[in-house]
Amino acid sequence: MELDKIELFSSLSHGEITRIAGIARRVHLARGEAVFNEGDYEKNIYIVETGQVEIYKRTPLNGEQSIAIMKNGDYFGEMAFFEKAATRSASARTLQTTSLIVIEGPDFERLIHSYPSISLKLLATLSSRLRETNRMITTGPGTQSANQPQTAKKECQLLTVASAKDGYGKTTFATSLARMLAIELGKKVLFLDLDLYFGGGTHLLGVHSPRSIIDIVNKYRQDETKFNLLSESIRLADTLFTIPAPRSFLEAEQIHSSDLIKLLKEARKHFDYVIADTGSIFDENLYTILDTSDVVFFMINFSNLSTVTDNVRFFHGISKLSYPRERLILLGNNVSSDFSTAKTSRVFPYPVIGGLPKVPDFEPQFGKPVYDVAPSSPYCEVMRLLVRNILKETGLKKPQAQKGGIFSMIFGEKDPDLMINTQLLQLHPLPGSNFSPIISSKDVRSQVKYVRYNLLFGYLEEAKRNLLSFMEYSQSSAPLCELLGEIYLIEDKKSEALEAFQRAIAIDPKQHVALGYLAHLSGSKESFEQAVAAVKEKITANPKFLDLLNDYGKILMSNEMFEEAAAQLDKALKENPRYLEAKLNLATCLAKIGQPEKAIKMLLGVDSRNPRLFFTLGDVFYSTGRLYLAFKAFNKAANLYPAYPGLRPKLFELTGYMRKLETVIDLHERFVNTNPNFPDLHSKLASFYNLAGKSELAIMHFKKALELNPNYQDAKIKLDIIQKDEIGRIARTDLEEETIESSTVTRCMRATISFSTGERRYALPEEAVLQVKNVRTSKVMQKAINISQIEAGSIDLDCSPLGLLANQDILLFQIYDVKSSNIIRFAPHYLEKDEIMANHCQVDLDLELNHSDEDLETMTKYFLVHLSSKQMADLVGNGNSYRAVLQNASNGLEAVGHLNPENEEQINFVLNASHRAAEGVPAVKPGDKLSIKVQDGKNTSVFAMEFAVGKSDVQNFCKTIIPKDSN
């Protein structure tokens with residue numbers, strides 16, 4: 001492609017264009033491939049050489065919204081380059097086989113730094129484009145500006161005719177269509193015979209030429225700049241041209257899909273229509289022509305059950321290729337009086353638009369298509385009707401329908417135009433729909449229950465991810481829209497929540513919870529009254545449905561009517577004392593109306609240990625000033641789910657508070673030690689101990705203060721409060737249980753990988769990817785990587801595809817050569833608790849180190865051992881009386897075992913040698929002898945075994961042990 005023809009570069013000089021061409025590269029993408037995705041951080045500029053690219057956004061409430069279709073010569077992606085900190089604001093994917101010119105962002109940035117004049121000229125061009133964008137926003141995309149012509153030349157359209165098998169009438173239709181468009185409309189038409197092995201269209205049009213598609217393609221290959229398709233094509237009439245099929249089937253093998261793309265690109269410059277007659281062999285050439293077609297006419301044979309079955313199977317296969325529905329026109333051929341578009345459409349994934357009658361006594365002969373033999377036949381009359389409506393060529397004379405004639409036979413007694421357009425309407429999706437399988441809005445109960453289950457326990461990210469995936473298939477569901485609003489409300493995204501609740505109410509005006517939250521957000525008394533009326537009506541009709549009582553409580557809570565809400569929630573709990581969500585909601589209400597002790601006691605009695613329970617408990621403790629217990633409760637929630645909404649700022653605040661409290665305690669301990677006979681010092685220290693949760697020490701020092709001064713009333717009152725605080729004692733017992741450090745988990749880890757390349761320039765293999773493997777689970781994720789990202793110094797990576805990540809997990813960050821299946825560079829990383837809590841880790845990948853045995857031994861700072869034994873896991877998991885220890889006798893390293901967070905029948909041990917890296921001591925070496933011991937509380941060994949580490953174990957950073965007596 002000549003870059004000076006591209007609008008973006010139109011103001012640049014020849015020298016500047018040459019410099020840009022030097023950093024550009026060409027990529028070929030198949031239909032449906034992603035160019036980039038919304039949120040990606042990449043700065044490339046793209047130019048469409050051939051094909052089409054759709055720019056689109058995904059929204060939970062509106063599905064996919066198409067923003068623009070980029071065609072030949074269009075450019076996109078430039079704005080992300082000029083906005084340095086921005087990520088992609090939309091996604092881009094190919095709609096057909098596409099060739100793109102790509103200018104890498106880092107290369108382009110270096111170029112314009114060296115030649116600032118390029119940047120200034122490009123900014124001027126972009127400002128003009130931005131003004132045009134603003135005009136389209138204010139006037140609408142269909143409005144022409146003052147300096148635009150009122151009419152534009154209709155673009156060339158590629159029409160392809162195909163069928164499941166030969167003999168279904170595709171060549172008869174294709175040749176007659178070409179003749180009709182050229183003769184009756186005067187359109188400049190190119191007939192492209194792609195039935196490469198048989199050339200039926202070449203024969204039927206009467207083409208006798210020494211040149212074929214092979215000769216034309218070869219000439220184009222020799223010199224693209226001097227090639228003119230119009231002069232190379234075979235002229236059959238003033239406006240009808242053809243490119244004949246090869247002379248033999250051997251020549252047919254010489255045509256490649258890249259040749260077709262180039263021919264079609266040239267054809268679009270010279271013709272109004274290109275009509276391609278295809279073969280019935282599904283190869284790359286046929287896929288290419290289908291991908292690039294504007295309209296595909298599929299001919300169907302309804303002559304018997306066998307042919308119908310073949311066609312049904314064929315079109316169900318076509319439907320898996322995700323072609324836009326509006327491009328696929330199904331036509332029956334040789335239809336009889338029992339043909340009906342409505343009936344035949346039932347068996348196909350696409351509607352049948354019409355049917356073509358049999359042409360009596362017609363036999364394909366050289367140079368005699370149907371149009372030439374019988375231009376006024378019913379076949380041609382129906383074809384005119386189809387062309388008028390499908391291609392919008394209203395210049396064709398409208399055939400006159402006669403009662404009892406051919407139109408009545410095919411379309412019934414209704415107006416044929418109306419019938420055709422009714423069928424065509426089925427090809428155009430509703431706004432926001434992409435014709436995925438749709439779940440009925442009445443059949444979403446299981447999805448709602450599943451999402452609510454995740455929300456109940458506080459797993460917000462998982463709930464949101466599942467909800468959005470459900471909404472792809474059921475966008476008209478009021479319960480799902482309402483759930484989305486609740487999630488947005490938890491995330492404090494009030495405007496998005498408002499939109500979701502409004503959508504839910506638009507679908508179902510009696511969606512009571514959505515009405516209640518809408519009243520809360522908008523302050524609308526009317527919405528609140530509607531919500532209460534709707535939920536009361538449903539409770540009257542379904543008095544045993546306790547979810548409605550809980551919903552009523554939520555509506556009242558959201559509008560700060562806590563006493564009334566508590567009454568409704570209490571009703572639900574009297575019917576079902578184990579109703580967890582009602583308990584959590586009631587606890588919040590009780591705390592709001594001055595009954596926190598009752599709320600705490602109720603929450604401590606809940607058997608189900610989950611993040612939301614501990615977060616609610618922490619909130620109640622916080623509201624009563626019991627900050628130590630709030631801190632412990634929030635920590636419990638964090639151990640279960642660190643991403644719980646609102647948790648991090650509370651923990652940050654309380655961690656700071658507890659740190660300052662410890663400093664004050666240290667100070668007062670020194671005062672007491674130097675002045676032991678001052679009762680005030682003992683009383684103050686006791687108060688601080690109590691705040692820090694050290695109740696035994698607090699009691700001791702209050703008693704000491706009273707020994708020194710028996711009339712110390714303040715100390716006596718505080719001591720009495722502590723000793724009678726049964727709920728506080730139970731809460732401390734419950735919350736101060738030791739938690740396994742490895743239970744700290746996350747699903748939202750992001751990694752920043754920093755590359756170290758040394759002095760030399762590093763080169764990547766052609767098909768390199770950045771691969772991350774979790775040694776514990778063996779889960780692997782991959783992301784494409786290029787040299788520009790390495791030269792930039794670092795890359796941010798979303799590790800959520802790895803699933804649950806836990807403290808002490810070992811992640812292997814590897815550069816992997818897909819072509820050779822070799823790991824060529826790598827860096828292991830041991831996940832610390834702080835990284836899990838922060839959902840972020842920093843990894844240094846030294847590109848000077850390779851996968852050699854020497855470097856591997858240097859990098860083996862960590863080694864994971866799985867002990868798969870239900871018996872041992874039950875012992876270790878039942879409390880603190882049993883302890884499992886792994887030891888490497890060769891270097892003295894030890895690791896305490898912990899239960900695998902995703903497999904309760906497995907104990908994990910992680911040898912960590914990072915603290916001995918300076919000594920060059922690896923966690924393990926091939927040949928090392930390792931031992932495992934499980935001991936009870938008296939250090940008596942109940943299980944012991946030894947095993948050796950092999951070279952493959954070291955390479956995998958992991959070994960699994962299954963004892964013979966394991967059960």
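Strand E26 and strand E30 (residues 903–912) pair in the antiparallel sense over seven bridges. Two strands count as paired when DSSP finds at least two bridges between them. This is a predicted model: local features need pLDDT of at least 70, side-chain atom pairs count only at pLDDT 80 or more, and totals for chains, interfaces and linings use all residues. Residues are numbered from 1 along each chain as its sequence is written, and side-chain values use heavy atoms, with hydrogens and water left out.

**Overall make-up**

- The protein has 39 helices and 33 strands. Helices (H or I, at least four residues) and strands (E, at least two) are DSSP runs, numbered from the N terminus.
- Of its 967 residues, 50% count as buried. Buried means under 20% relative accessible area, exposed means over 50%, and partly exposed is in between (1.4 Å probe, protein chains only).
- Among contacts between residues at least 6 apart in sequence, 69% join residues at least 24 apart. A contact means heavy atoms within 4.5 Å.

- Seven of the seven residues of E26 (residues 862–868) are buried, so the strand is largely enclosed by the rest of the structure.
- Tyr862, Leu864, His866 and Ser868 point one way from E26. Phe863, Val865 and Leu867 point the other way.
- E26 also runs parallel to strand E33 (residues 958–961), joined to it by four bridges.
- Leucine 864 stands opposite valine 910 in E30. In E33, the bridge partner of leucine 864 is cysteine 958.
- Cysteine 958 is buried too, with a relative accessible area of 14%.

**A three-strand sheet**

- Three strands form an open sheet in the order E21-E18-E25, with mixed pairing.
- Strand E21 (794–798) and strand E25 (840–846) are the edge strands, and each pairs on one side only.
- From one strand to the next, the twist averages 25°. Axes here are lines fitted to C-alpha atoms, for helices over the stretch in contact, and angles run from 0 to 180 degrees between N-to-C directions.
- Strand E18 (residues 750–756) pairs with E21 in the antiparallel sense over five bridges. Arginine 750 has aspartate 798 in E21 as its bridge partner.

**Cysteines**

- The structure holds zero disulfides. A disulfide is a pair of cysteine sulfur atoms within 2.5 Å.
- For cysteine 841, the closest cysteine sulfur is in cysteine 799, 5.8 Å away, which is too far for a bond.
- Cysteine 841 counts as buried, at 1% relative accessibility.

**Nonpolar cores**

- The largest nonpolar core has 99 residues. Such a core is a set of buried Ala, Val, Leu, Ile, Met, Phe, Trp, Tyr and Cys residues joined through side-chain atoms within 4.5 Å.
- Leu467, Leu617, Phe621 and Leu647 have the most contacts inside this core. Its largest share, nine residues, comes from helix H29 (residues 627–640).
- Apart from this core lies another, of 46 residues, among them Ala164, Phe227, Phe315 and Phe339.
- Leucine 617 touches Ile600, Leu603, Leu604, Ala633 and Leu735, not counting residues up to four places away in sequence.

- Helix H10 (residues 257–270) has 14 residues and reaches 21 Å from its first C-alpha to its last, close to the expected 20 Å. The expected span is 1.5 Å times one less than the number of residues.
- The buried residues of H10 include Asp259, Leu260, Ile261 and Glu266.
- Arginine 729 lies in helix H34 (residues 726–735). At 48% relative accessibility, arginine 729 counts as partly exposed.
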